[in-house]
Number of protein chains: 2
Amino acid sequence: MTTLERIDAPEQAPAAEVVHSARSCRMVGDILARVGDKWSMLVVMTLLEDNRHFNELKRGIDGISQQMLSRTLRALERDGLVLRTVHASVPVRVEYALSGLGRSLAEPVKALGAWAVTNRVSIEASRAVYDSRGDEVWSRA
Amino acid sequence: MTTLERIDAPEQAPAAEVVHSARSCRMVGDILARVGDKWSMLVVMTLLEDNRHFNELKRGIDGISQQMLSRTLRALERDGLVLRTVHASVPVRVEYALSGLGRSLAEPVKALGAWAVTNRVSIEASRAVYDSRGDEVWSRA
DNA sequence: CAGCATCCTACACGATACTG
DNA sequence: CAGTATCGTGTAGGATGCTG
């Protein structure tokens, strides 16, 4: 509620704008939460390569349970990021594809992924230092 | 493990590369998780404006408990995203500031925030449609 | 002022079994 | 094949109280 809404800052905020910003802010939190959850972006990135059937996704995404895949897909579909198509063949086949919205989301997410990859080493180093520092207090006993 | 590591894809992966990719992938997940948690990016964005003391942050970030602020700050500090400086004044004052790393993270995060703001309406519309569709099954009773 | 320790609740996520 | 239902666990996050 404090800072992130400044992203779309028209800067002069009348009373009504406050409400609007609050909504925007909640939405931003929503999106960050979805991006941050364990499987959503893995699914999006997989679908970015090509459309997939349910079990293709399950096989392609290492370690995901069918439960979580199902839930993740439903959430993504609800948000309009993923399109679901049921092919009425003999054994039912359901095809999942990224929507335009989903494809557009992939861009900033990839930027974040790239940042993570480039800064991985720095972060791991920082953690190592931080974690070993607690010792100092008693290690020189 | 499947797709996100392709971001840094040197594409020809010998046995050793697989390990490397797995580490990268875990790290990307880590970062996405941190970005996705409830308060981290709010803190980062607040510190992007200016350095703050603990209670300034607490007051500035609406709804955060001091517990969560404390935990979030320690996590950010551990990752080297936030710098902590203790001023040994009479009542102790601790100043928090973004590191260069933290500032660099803010960029892709802002991109994501911008995406969320621009696509907020589409997503809400999609959710409304999705949520009302469950009705159809029984609403025409 | 800054913050850790404790307790509690809600939910994310996982494993398994069952269905059309 | 493509799910839903059920159950169990870990942990994120909130409320409160204490400390230096």
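The surface near DNA strand D draws at least two residues each from α3 (54–60), α4 and β3 (93–98) of chain A and from α4 (66–78) of chain B. Here helices (H or I, at least four residues) and strands (E, at least two) are DSSP runs, numbered from the N terminus. This is a predicted model, in which local features need pLDDT of at least 70 and side-chain atom pairs count only at pLDDT 80 or more, while totals for chains, interfaces and linings use all residues. Side-chain values use heavy atoms, with hydrogens and water left out, residues are numbered from 1 along each chain as its sequence is written, and chains are lettered from A and ligands numbered from 1 in the order in which they are written.

**Around the DNA**

Let's stay with the DNA for a moment. In total, 19 residues surround DNA strand D, and the closest are Gln67(A), Ser70(A), Arg84(A), Tyr96(A) and Lys38(B). A residue is near the strand if one of its heavy atoms lies within 4 Å of it. Of the atoms of DNA strand D that come within 4 Å of the protein, 67% belong to sugar and phosphate. The bases are reached as well, as this table shows.

| Side chain (N or O atom) | Base atom of DNA strand D | Distance |
|---|---|---|
| Gln66(A) | oxygen | 3.0 Å |
| Gln67(B) | nitrogen | 3.0 Å |
| Arg71(B) | nitrogen | 2.9 Å |

**Two copies, one axis**

How does chain B relate to chain A? A rotation of 180° with 0.0 Å of shift along its axis superposes chain B on chain A, with an RMSD of 0.1 Å. That is the relation of a two-fold axis. Gly36(B) has the C-alpha nearest the axis in chain B, 1.9 Å from it. Both copies use the same surface, since 100% of the contact residues of chain B recur in chain A; contact means heavy atoms within 4.5 Å.

**Charged pairs**

Side chains of opposite charge can pair when their charged atoms come close. Over all chains, the structure holds 20 salt bridges, each a side-chain nitrogen of Lys or Arg within 4 Å of a carboxyl oxygen of Asp or Glu.

One of them links Arg133(B) and Glu77(A), whose closest N and O atoms are 3.9 Å apart. Arg133(B) lies in helix α5 (residues 100–139) of chain B and Glu77(A) in helix α4 (residues 66–78) of chain A, so this pair joins two chains. Arg133(B) is partly exposed at 40% relative accessibility, whereas Glu77(A) is buried at 15%. Buried means under 20% relative accessible area, exposed over 50%, and partly exposed in between (1.4 Å probe, protein chains only).

Arg127(B) and Asp79(A) form another salt bridge, at 2.6 Å from N to O. This pair also crosses between chains, from helix α5 of chain B to the loop between α4 and β2 (82–87) of chain A. Arg127(B) and Asp79(A) are both buried. They belong to a network of salt bridges that links Asp30(A), Arg34(A), Asp37(A), Asp79(A) and Arg127(B).

Within chain B, Glu49(B) pairs with Arg52(B), with closest N and O atoms 2.9 Å apart. Glu49(B) is partly exposed at 39%, while Arg52(B) is buried at 17%.

**Confidence**

Chain A has a mean pLDDT of 86, and 81% of its residues reach 70 or more. The pLDDT is the predictor's confidence in each residue, from 0 to 100. Residues 5–13 of chain A fall below 50, and this stretch has 12 contacts in the model beyond near neighbours in sequence. Where pLDDT is low, the predicted coordinates should not be read in detail.

Notes:
Copies are superposed by least squares on the C-alpha atoms of residues with pLDDT of at least 70 in both. A polar contact is a pair of N or O atoms within 3.5 Å; within protein, one must be able to donate a hydrogen and the other to accept it, and residues adjacent in sequence count only if both atoms are side-chain atoms.
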